[in-house]
Amino acid sequence: MKRYNEDAKLVPVPSTNIIPERDVDKSPILECRHLGIDFGGLTAVDEFNMAIGRTEIAGLIGPNGAGKTTVFNLLTKVYQPTRGTILLGGMDTAGMNTVQVNHAGIARTFQNIRLFSKLTVMENVLIGLHSSMKYRLPTAILRSPAYWRQEKGARERALELLSIFDMQDLAEHEAGSLPYGAQRRLEIVRALGTNPSLLLLDEPAAGMNPSETAELMENIVKIRDTFQIAVMLIEHDMSLVMNICEGICVLNFGRIIAKGTAKDIQNNPEVIKAYLGTRKEG
Ligand SMILES: Nc1ncnc2c1ncn2[C@@H]1O[C@H](COP(=O)(O)OP(=O)(O)OP(=O)(O)O)[C@@H](O)[C@H]1O
Ligand SMILES: [Mg+2]
């Protein structure tokens, strides 16, 4: 199998974090400093420090309940952090809400698919696109020529985005009628519609068969290359993580236990013990 991250080389950035060497002349797209959240007495995430380069594919892995989805919920302001800082392109996101942080450039998919299942594939993508479009109210109410021009543009854009996954012919199908793998792909397309600079994918390969996963892997790399954006993904499928992620962060009980390239992670004794399991020799 082709490895996309073969020549991954990470370099330190000032805050003791690491990002790909090619991104080092720009500030990281995301930087978390001492990020943490408590739910009552439970510390779900603590001392989460990480940086992601502008065009990096980063991975967040760890056992069930480690706090991975909680990190995404913090980044997207589903939860406000108990402590710490989240910088997006160098800008502090403190006080922002979910919508504001999406406009600022973070889009996500969910561990459990969240589509409008009774709407068509096209309508689902248009919802993503509209959330990033700036209508002026009179334009929208009067359905003026400018409105229709924008609508036509949005439909063309939606088809273009669907074609990344070769899904343009499914545009008029009901989203809920698609096979599971296709629904996961549609969620990614919808997220891309909001024009993110950082795309968060929560277990994108869950429920996919090996050939779908291999295709997804190629498409994630294609998305990064085409849009020149950063991707951070949570995934239990180690073939996907180890093949496409550059910087990988391992969480255990809400804390980072290792950070580095696929090679670093695979050889880290603590990670092997906590998560990857002991490798049988011979
Ligand atoms: N809103 C909440 N209230 C209380 N506890 C929560 C809340 N959200 C998450 N937790 C707890 O935080 C911990 C981390 O959960 P999280 O969903 O982030 O794990 P995860 O790493 O995504 O796991 P999985 O691989 O199973 O998806 C768990 O113990 C969970 O029960
Ligand atoms: Mg999760």
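**Notes on the fold and the domain interface**

1. Strands here are DSSP runs of E, at least two residues long, and helices are runs of H or I of at least four, numbered from the N terminus. Two strands count as paired if DSSP finds at least two bridges between them.

2. A word on the ground rules before going on. This is a predicted model, in which local features need pLDDT of at least 70 and side-chain atom pairs count only at pLDDT 80 or more, while totals for chains, interfaces and linings use all residues. Residues are numbered from 1 along each chain as its sequence is written, chains are lettered from A and ligands numbered from 1 in the order in which they are written, and side-chain values use heavy atoms, with hydrogens and water left out.

3. Back to β3, which has partners in two strands. With β4 (residues 42-52) β3 pairs antiparallel over 7 bridges, and with β6 (residues 83-88) β3 also runs antiparallel, over 5 bridges. Leu30 is a handy landmark: Ile52 stands opposite Leu30 in β4, and Leu88 is the bridge partner of Leu30 in β6.

4. Next, the open sheet. Its 6 strands come in the order β8-β9-β10-β5-β11-β12, with mixed pairing. At the edges sit β8 (106-108) and β12 (255-260), each pairing on one side only. Neighbouring strands are turned by 20° against each other on average, direction ignored; the axes behind such angles are lines fitted to C-alpha atoms (for helices, over the stretch in contact), and angles run from 0 to 180 degrees between N-to-C directions.

5. If you want a pair to click on, Asn252 stands opposite Arg255 in β12.

6. Helix α6 (residues 180-193) lies across β8 and β9 (198-202), at about 160° to β9. Helix α7 (residues 210-227) lies across β5 (57-61), β9 and β10 (230-234), at about 135° to β5.

7. Now the domains, whose bounds come from an automatic or database domain assignment. Domain 1 covers 1-105 + 196-217 + 230-282, and domain 2 covers 107-195. Their C-alpha centres lie 26 Å apart. Contact (heavy atoms within 4.5 Å) involves 22 residues of domain 1 and 16 residues of domain 2.

8. How much area is buried between domain 1 and domain 2? About 1600 Å², with carbon and sulfur atoms giving 51%; this is the accessible area (1.4 Å probe) that the two parts lose on being put together, summed over both. On the domain 1 side, Asn102, Pro196 and Asp202 lose the most area, together 31% of what that side buries.

9. The rule finds 10 residue pairs in polar contact across this interface, both residues at pLDDT 80 or more. A polar contact is a pair of N or O atoms within 3.5 Å; within protein, one must be able to donate a hydrogen and the other to accept it, and residues adjacent in sequence count only if both atoms are side-chain atoms. The elements giving two or more residues to the domain 1 side are α1 (68-75), α2 (98-103), β9 and α7, and β9 gives the most, with 5 residues.

10. Last, salt bridges (a side-chain nitrogen of Lys or Arg within 4 Å of a carboxyl oxygen of Asp or Glu). The whole structure has 13, and the domain interface has 1. Glu212 forms one with Arg185, at 3.7 Å between the closest N and O atoms.
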